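Below is a set of questions and answers on one structure. Each answer works towards the value or name asked for.

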Amino acid sequence: MNSTPQSVPNPIIRRDRVFEFLIPKQVDDLDLSHGTVLYLEDICVNFDGFQAINNLNFYVNTGELHCLIGPNGAGKTTLMDIVTGKTRPDSGTAWFGQRINLLRMDEADIAQAGIGRKFQKPSVFENLSVFDNLELSMDGTRKLWQIFRAKLDGESLSRIESIAQTINLIEHLHSPAGMLSHGQKQWLEIGMLIMQNPLLLLVDEPAAGMTHQEMDQTVELLSSLAGEHAIVVVEHDMDFVRALNSPVTVLHQGSVLATGSMTDIQSNSDVMRVYLGTEDVA
Amino acid sequence: MKIKQAHRSRTSSILFMVVLVTTLVGVTVCNRLPESHSLYVSNYMVTLLGKYLTYAILAVSVDLVWGYLGILSLGHAAFFALGGYAMGMHLMRQIGDRGVYGNPDLPDFMVFLNWSELPWYWIGFDNFAFTALMILLVPGLLAFVFGWFAFRSRVNGVYLSIITQALTYALMLAFFRNEMGLGGNNGLTDFRELLGFDLRSDDVRLGLFLASGIALLVVYGLCDMILRSRLGKVAIAIRDAEDRTRFLGYRVERVKLALFTLSAMIAGLAGALYVPQIGIINPGEFSPLNSIEVVVWVAIGGRGTLYGAVLGALGINYAKTWFTGAYPEAWLFALGLLFVLVTLALPKGVAGLFRRTSSGANKS
């Protein structure tokens with residue numbers, strides 16, 4: 001890997017970069033003037049010799065619904081880990097809008113800045129009720145004293161109610177989340193994401209464990225959220241991806257193999273080689 | 001469909017407070033009865049109950065961080081003992097020139113060690129207000145510094161438990177040294193009066209018992225208020241899925257630090273109420289075994305319910321008093337057996353038993 005000349009800031013020319021720690025860690029206003037909400041550039045991640053992400057470049061436009069597919073180990077989940085601060089890349093840059101440098105923030109900062117994540121395995125708070133799960137996810141203050149003093153006003157209550165209705169859990173509002181079925185937990189996670197009201201949603205395998213009917217509802221829900229929120233969906237189920245009818249990016253061995261609509265992707269020879277094996281191409 | 005904000009049931013805490021207040025009043029009245037009366041509660045019993053109540057406060061502090069936040073502290077007795085030492089230092093200063101050596105400026109053990117002046121850290125302990133502040137501040141500060149490093153580096157689970165255990169052990173070794181200026185092996189004892197009241201009088205003993213009961217009431221109310229707030233829900237969220245809570249934007253380490261520090265201060269308060277009733281504080285209170293015992297009380301009583309912690313502390317200590325009188329050798333075996341049985345048969349402790357029957361009653 002040869003580093004490009006630009007990636008090494010010259011300390012004499014770049015006066016503003018001499019004291020890195022002086023740059024404000026978090027900028028309050030998210031600058032989306034260029035229409036791109038997420039920039040990942042030249043990202044490399046190495047786990048003890050395994051190159052999980054290899055010179056990856058990935059962009060998400062404001063309000064766009066974008067699917068991410070790829071075989072196991074292609075780096076889809078690692079990519080989400082980088083964006084949400086769980087994994088630090090060895091090199092590369094990750095920006096949220098023009099001004100927020102994700103690599104200088106921790107998980108809580110990133111979540112507060114407006115990036116929400118749904119995990120592959122549904123991870124709701126099992127001992128808390130559906131209501132409590134939604135309440136905790138609600139955007140707003142995360143300051144210690146204020147969460148101690150927090151009271152729910154009528155507006156928040158009706159918001160929790162309407163989201164509980166959207167995710168079909170209004171009847172289970174006061175039962176512990178641990179009692180829900182797998183599919184219902186998936187829905188609850190999505191509901192928690194909506195409560196967080198993030199600008200960018202990262203959704204890892206939303207359709208796993210859902211019936212066909214539930215899948216259709218999920219497609220509908222995600223499509224309705226796009227526009228206001230940018231959404232990145234990781235999914236293995238190709239019918240689901242097709243139904244979302246959105247741009248698709250294929251990852252392979254830690255870098256982008258192809259980007260385009262689902263129809264383009266299906267006819268792409270590189271993708272066919274990766275998914276179907278070399279001999280089938282001929 | 002109209003939805004209401006779901007509140008954690010207040011019934012259990014109101015019931016608890018009513019029972020506690022009734023007990024306090026009942027014991028006071030029965031203690032005032034003539035000795036021949038069948039309901040008479042002896043002064044010895046009053047002091048014993050007062051001691052149990054301070055243990056109950058300690059158990060509540062452990063339950064706050066273990067039951068609701070998932071931090072298994074095996075060093076909480078250290079905060080208890082620090083609060084106790086702060087109170088002990090004040091009581092030592094109150095002895096004045098009535099010590100064996102009659103030195104008005106120095107406690108007896110310092111005269112014995114040929115010290116000529118009071119060490120700097122004893123200054124201010126003549127004053128009760130300053131002492132009261134230190135009772136909360138010293139354990140709180142230690143917990144804050146300890147927690148700052150531990151939680152920021154994301155030390156979790158069994159590793160954290162081992163470090164807390166090491167903390168209390170290290171403090172025990174330090175306090176055993178005479179050079180610490182805190183009485184070394186013998187600790188601080190021979191107390192006479194507190195705020196001008198003679199500690200050996202029966203009325204004062206009853207007063208200390210009542211003070212412990214009121215402290216338990218206040219601590220219980222405070223913890224209950226915290227746990228009922230959104231902060232309490234965040235604490236449970238951290239206990240069950242720490243990473244997920246982080247991805248919701250909560251500063252997990254700050255929540256942990258705040259509640260851990262508060263818990264240490266509560267433990268310090270318990271220690272400060274314990275010392276005047278027992279009449280001595282020595283480095284044995286830092287012993288790792290003590291901290292483990294507190295965890296056993298909470299586990300048996302019911303982790304994750306405040307009243308369970310109180311029940312565990314009172315019940316086990318009463319059993320300990322009775323057992324060590326009747327079958328001294330059998331006590332540790334009985335405690336161990338009880339712990340194993342409760343863990344196997346009642347994972348939620350004795351409090352889980354109540355909860356199961358009450359939810360069963362709701363269904364039918």
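Q: How many bridges join strand S1 of chain A to strand S2 of chain A?
A: In this predicted model, S1(A) covers residues 36-47 and S2(A) covers residues 50-61. The two strands run antiparallel. One pair standing opposite each other is A:Leu38 and A:Val60, the latter in S2(A). The number of bridges joining S1(A) to S2(A) is eight.

Q: Which residue in the turn between S1(A) and S2(A) has a positive phi?
A: S1(A) and S2(A) form a hairpin, with two residues between them. In that turn, a phi of about 45 degrees belongs to A:Asp48.

Q: Why is one side of S6 and of S10 in chain A left without a neighbour in the sheet?
A: The sheet is open, with six strands in the order S6-S7-S8-S3-S9-S10 and mixed pairing. Strand S6 (115-118) and strand S10 (255-260) of chain A stand at its edges, so one side of each has no neighbour there. What each of them has is a single partner strand.

Q: What is the bridge partner of A:His252 in S10(A)?
A: Strand S9 (residues 248-252) of chain A pairs with S10(A) in the antiparallel sense. Five bridges make up this pairing. The partner of A:His252 in S10(A) is A:Ser255.

Q: What angle does the direction of helix H1 of chain A make with that of S7(A)?
A: H1(A), residues 76-84, packs on the sheet. The strands of chain A touched by H1(A) are S3, S6, S7, S8 and S9. With the direction of S7(A), that of H1(A) makes about 150 degrees.

Q: In which hand does H5(A) pass H6(A)?
A: Helix H5 (residues 154-166) and helix H6 (residues 182-196) of chain A have axes that come within 10 Å and cross at roughly 145 degrees. A:Ile163, A:Ala164 and A:Thr166 in H5(A) meet A:Gly191, A:Ile194 and A:Met195 in H6(A). The residues of this contact are four nonpolar, two polar and no charged. The crossing is right-handed.

Q: Which element gives the largest share of the side of chain B that touches chain A?
A: The contact takes 24 residues from chain B and 29 residues from chain A. On the chain B side, 14 are nonpolar, three polar and seven charged. Helices H8, H9 and H10 of chain B each give two or more residues to that side. The largest share, seven residues, comes from H8(B).

Note on methods:
Residues numbered from 1 in each chain as written. Chains lettered and ligands numbered in written order. Predicted model: local features only at pLDDT ≥ 70, side-chain atom pairs only at ≥ 80, totals over all residues. Contact = placed C-beta atoms within 7 Å. Helix = DSSP H or I, 4+ residues; strand = E, 2+ residues; numbered from the N terminus. Nonpolar A, V, L, I, M, F, W, Y, C, P; charged D, E, K, R; others polar. Axes fitted to C-alpha atoms, helices over the stretch in contact; angles between N-to-C directions. Left-handed = near helix turned anticlockwise from the far one by under 90°. Pairing = 2+ DSSP bridges.
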